[in-house]
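Here is a short briefing on one structure. Please look over the sequence and model before reading on.

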Amino acid sequence: MPTDSLLPASLAPGRHEPLGATPRDGGVNFAVFSESATAIELCIFDGSGQRELRRYALHGPDDGVFHGFLPGLAAGLVYGLRAHGPYSPEHGHRFNAHKLLLDPYAREIVGHFAWAPEQHGYELGHPDGPRSFDTRDNALQALKARVAQPLPADSSPRLNAPRHATADLVLYEVHVKGFSQQLQAVPEALRGSYAGLAHPASVAHFKALGVTTLSLLPVHFHIDEPHLADLGKPNYWGYNTLGFFSPDPRLAQRAHREDPAAVREEFRAMVRELHAQGLEVVLDVVYNHTPEGNEFGPTLSFRGLDNRSYYRLVSDDKSRYENVSACGNTLNCAHPRVAQLVLDSLRYWVSEMGVDGFRFDLAPVLGRTHHGFEPQAAFFTALRQDPVLAQVHLISEPWDAGHEGYQVGRFPGRFLDWNDKFRDAVRGYWLRSQQPSVSRGELARRFMASSDLFHHGARRPTASVNFVSVHDGYVLADVVSYSHKHNHANGENNRDGRDGELCANFGHEGASEDAAIRATRLRVRRAMLATLLLAQGTPMLCAGDEIGNSQGGNNNAYCQDNAITWLDWAQAESDTQAFVAALLALRRAEPLLRHEQWFAAASADAAQASAPSLRWFSPRGAEMQQHDWFDASQSAFAAVFFEARQPVEAAAAPRLMVLFNPEPEPQAFSFSLGAWRLVLDSSGELPLDSVAESDTSIFTHLNVPARSLLVLRHV
């Protein structure tokens, strides 16, 4: 096809020309980064994306950017890119102009992706493997970009965004589709969609619970991995992003899925409505890898535009990819233009789409340099000083699959880190399934925000994101119902998913009709929920745990878009939901349960004497000594919170006491600090009138029920 000329883009000195396609000045400006391409062509298609109409050679490169301006055109234009350059895998170059490439900055993506041999830059089955060269054109099968209509500056959902202080955050990790797909109160046409998540019935649930912030599983445009396509299964979780600026149409209501502009507006309407109800929206984002995989993967976008810049390559064989994501490739965020892509994407989702923060999947990738993970890497510096991103929450999944990939507690500044040590300590303590079981010292450390991990520099207790279950692994109901994983539905002979995950079935594998087993499971679940939602740090609840939702023992349900992963509202436990709401109400009512600073120790010096403090007691009422923490024969203990001294010379006043008894038998506790009134019993065993404002509810000692957490307020 002949190639025509474009007008050069306006690149005035000092002016930042946005990458991607930008309608302006009566036309559309195009700008594409490639450090190594010799030429890039812009390919224009008809509205269906099936017929190529014309090609234009972009000008440049200027500072690594190819650019051009098409006058007389506007939003709605469908296009793709072809990049020319060396095909030299041993040097890291994989240019192949026979492959139509998706613009990395595409705001709207059209077409339906299907795996085909033409999607690869090399010839499948060739003796030279991925070093061979494929000359077939993939334009018919390729996804294409569509120029998006600019959004009015006064329409951003950020304009009505609530601002919850970090100390007040309660995260709720939720899948957009899974939450409302079976929620009968949501109209059928809206179930499983962005609109369904913002429906009044959904919002009513969030507000009744008392959560502040929805942490959405990935919503960026993604494709399914080839092995899932072979199995006829989807990537339900969505951790395989191809379009970092486009919401996934599969999560929109069916009437909108064929129109990317309608999908975008539905997402924005969802955020706007959630904001109006006081709820924040955080996105789980995947800037660590792309679906192009390793050297055997397809050429869809980044690989064809500039393989050496976008990906981390093995130093002594640049035909191969570093794989610290365990997904085949790793984005090279140390490269300035790749960092720019990520930052531009983040700003877009805040400024244009209205979101309130991000949870970074495999976040150490973002800070990897030639020397390994660096908390002060250039990307983190740029992220933290950015005036737009400085306003939103930053949450890390602080591990990846590379060398020294476990970095919990090492992320900089105001990052909050997922804390899996909290999960393991809480499960081990209440399940009593480890040998030796988790000690009360370890549980106390995690309950107080893991100072061994986070008490350094300027980091606060809120930096610890506490959880007992998340999308990846057992949901809470399955933690107490199964002794091993049941992932056969995934089609991998139960080999996938984590082995050895902490769990216990209490005498029967799976659902049980035995009343005693069911009661024990419920009691342990409630104790773990109480530990999670009353602990120092930032609590994160996995959607469905508050209603007893089960996944049938599947601890890796990433490819299950069905009743396994959709919340089972028909079987919802209303009592458990009410219990979670009561826990969060207590957390809101008691500032000491969500304290922003580290508690002063009992031996605090005079300068700290007026700060809130904490002391630990054994069941007999004596303050815990060093040898008590190492007494493996004892597991029950108490934490007593003291208010700040008012005035400073006054004695510290006890305010709250939290009692822990993980044993299968009741435990007698004596109180040495006066009388207390019971305000919460996770077991539900103590009579409800024990919380009344009467003399019968005041205790100086108490028989704490088995497998329970109690909270008392000082009289």
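H13 gives the most to the lining of the second largest pocket, with eight residues. Helices are DSSP runs of H or I with at least four residues, numbered from the N terminus. The model is predicted: local features need pLDDT of at least 70, side-chain atom pairs count only at pLDDT 80 or more, and totals for chains, interfaces and linings use all residues. Residues are numbered from 1 along each chain as its sequence is written, and side-chain values use heavy atoms, without hydrogens and water.

**Second largest pocket**
- The second largest pocket has a volume of about 850 Å³ (the space filled by probe spheres set on the grid points, which are joined across faces, edges and corners).
- A pocket is an open set of points on a 1 Å grid over the protein atoms alone, where a 1.4 Å probe fits, with protein on both sides within 12 Å along at least five of seven lines; lining residues have an atom within 4 Å of a point.
- Its lining has 32 residues, and Arg518, Leu522, Arg525, Gly548 and Glu573 lie nearest the centre.
- Helix H12 (476-479), H13 and H14 each supply at least two lining residues.

**Helices H13 and H14**
- The axes (lines fitted to C-alpha atoms over the stretch in contact, with angles from 0 to 180 degrees between N-to-C directions) of H13 (residues 515-534) and H14 (residues 574-589) come within 10 Å and cross at roughly 25 degrees.
- H13 and H14 are therefore roughly parallel to each other (an angle under 35 degrees).
- Residues in contact (heavy atoms within 4.5 Å) include Leu522 and Arg525 of H13 and Phe579 of H14.

**Largest pocket**
- The largest pocket has a volume of about 1100 Å³.
- Among its 41 lining residues, Tyr239, Ser325, Ala326, Cys327 and Asn556 lie nearest the centre.

Note on methods: Angles under 35 degrees count as roughly parallel, over 145 as roughly antiparallel, 65 to 115 as roughly perpendicular and the rest as oblique.
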